[in-house]
Amino acid sequence: MEFTTFVRTESKSRPAVYWSVKHGILLYMELFKELDLADNLQRAVEACGFEKPTPIQRESIPAILAGKDILASAQTGTGKTASFVLPAMQKMLLVPRHGGNGPRVLILTPTRELAAQVNAHIRDLGQFCKFTNGSVIGGMAYPPQIRLLQKKLDILVATPGRLMDHMEKGRVNYSSLDIFVLDEADRMLDLGFIGDIRNIASKLPKKRQTLLFSATLEGKVLTIAHDLLKDPVTIQLTSNTVKHELIRQKVYHADNLIHKHRLLDSCLKRDELTQALVFTATKRTADRLASMLSAQGHDSAPLHGDLSQGARKKTMNRMKQGKLRILVATDVAARGLDIKGISHVINFDLPNVAEDYIHRIGRTGRAGENGTAISLVSPEDWGKLREIERLTGMLVERSVVLGLEPEKASPEFQPQKARSSAFPRFGRRKRRFGSRLRR
Ligand code: AMP
């Protein structure tokens, strides 16, 4: 089997298009079949129910197969995992292993949850092949990971901290490494992993392919991309102001914490709510709120970084199987989480970083379903709400729950009029929520 040749055309008005060259004829890549994937991968794609490549897959798969480094902005939910897993597998099937034991493909992820999801994709897409894969993540026992690292591994998924632990003990052999993937690089940098990433990269073979995926392409991400990638193909599919069109976003103003709790209780009792992800600012609030909700008769559990990996996994599995209705989580769940049954995301606390709002609400409205994102906003959160609306350029619909209307007047804000140097002032007229508000 040989590599298919791809030709990339690009113009100012049109994004890059890949054409596969077959028998001297240019074919526009529309279906997976046109990628000439190995039969076992094509079967797996079909078994997963994927008909057409998503935009990120259409852009990145041919470029990766052609041996290019990639700098891609794509969020979770766009099919980005398969966009690097499939071509990496295809390349491993075509090119025999060289070097010693250790991984041929290393995928770094910011969180254990994302690592677990990437591994699940690897299992699905590699179901008809014989790849060896596994993960090296924090919160898990060391001995099985040590045994894994001694194997002829095909794909290793790792979080940077634990991988560094093993590297410092001389347990990781990179002599076979061909592909290095940084998944959700912006998140890894936010979490302070820049030193670990540089350290890991410095130990990898110079002759390798590096693929960097990030929700945004700016700041530190561009610096690290500049240092680690060689002449990359840049793929920009999302922007900061990505609009979640299938997600209905609402704000309920709350006078105080007690009011917030009542609003939350009322939202959680709605029939149309199948499963909800409730975000809190701190781990303690997540614990307390989950216990409080359970005491009120809501089926809920907390998820945050202080829980053991086993407990987190168990909770996630219950959520995925639809056995848990309400997950109360910190931002550990803001990205990467892909649970189709989540009909509602509720911000009990708004995030400190406006961009995290976009990631949080993206946990609903997945796989073509409609979703609802509700933010419970008390007066101390008004500033955060303004920042979110400035970032998205959208005014989130203000709404009220009948019988639970706020007493306090809330500020008015027109994000379109925002100037970059300063926040707009609150409106002077004090207006109570009234008839213009929909429920
Ligand atoms: P990801 O962005 O990698 O987290 O993927 C989000 C979801 O999209 C996962 O449930 C994937 O199984 C699914 N997916 C990935 N590629 C495709 C495709 N080409 N067609 C349909 N669904 C896909």
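**Reading a predicted model together**

Modeller: Let's start at the ligand: the residues of the shell around it divide into four nonpolar, seven polar and two charged. Keep in mind that this is a predicted model.

Colleague: Okay! Which residues come nearest to the ligand?

Modeller: Of the 13 residues around the ligand, those are Phe50, Thr76, Gly79, Thr81 and Ala82. Helix 3 (residues 80-94) gives the largest share of the shell, three residues.

Colleague: Now helices. What describes two packed helices?

Modeller: You use the angle between their axes and the distance between the axes. Here, helix 6 (residues 160-168) and helix 8 (residues 194-202) pack at about 45 degrees, and their axes are 10 Å apart. Helix 6 and helix 8 are therefore oblique to each other. The crossing of helix 6 past helix 8 is left-handed.

Colleague: And which residues of helix 6 and helix 8 meet?

Modeller: From helix 6 you've got Pro160, Gly161, Leu163, Met164 and Met167, and they meet Asp196, Ile197, Asn199 and Ile200 in helix 8. By class, that contact has six nonpolar, two polar and one charged residues.

Colleague: How many bridges pair strand 12 with strand 14?

Modeller: Four, between residues 275-279 of strand 12 and residues 326-329 of strand 14.

Definitions and conventions: Residues are numbered from 1 along each chain as its sequence is written. This is a predicted model: local features need pLDDT of at least 70, side-chain atom pairs count only at pLDDT 80 or more; totals for chains, interfaces and linings use all residues. A residue is near a molecule or strand if its C-beta atom, placed from the backbone, lies within 6 Å of it. Helices (H or I, at least four residues) and strands (E, at least two) are DSSP runs, numbered from the N terminus. Ala, Val, Leu, Ile, Met, Phe, Trp, Tyr, Cys and Pro count as nonpolar, Asp, Glu, Lys and Arg as charged, and the others, Gly among them, as polar. Axes are lines fitted to C-alpha atoms, for helices over the stretch in contact, and angles run from 0 to 180 degrees between N-to-C directions. Angles under 35 degrees count as roughly parallel, over 145 as roughly antiparallel, 65 to 115 as roughly perpendicular and the rest as oblique. A crossing is left-handed if the near helix is turned anticlockwise from the far one by less than a right angle, and right-handed if clockwise. Two residues are in contact if their C-beta atoms, placed from the backbone, lie within 7 Å. Two strands pair if DSSP finds at least two bridges between them.
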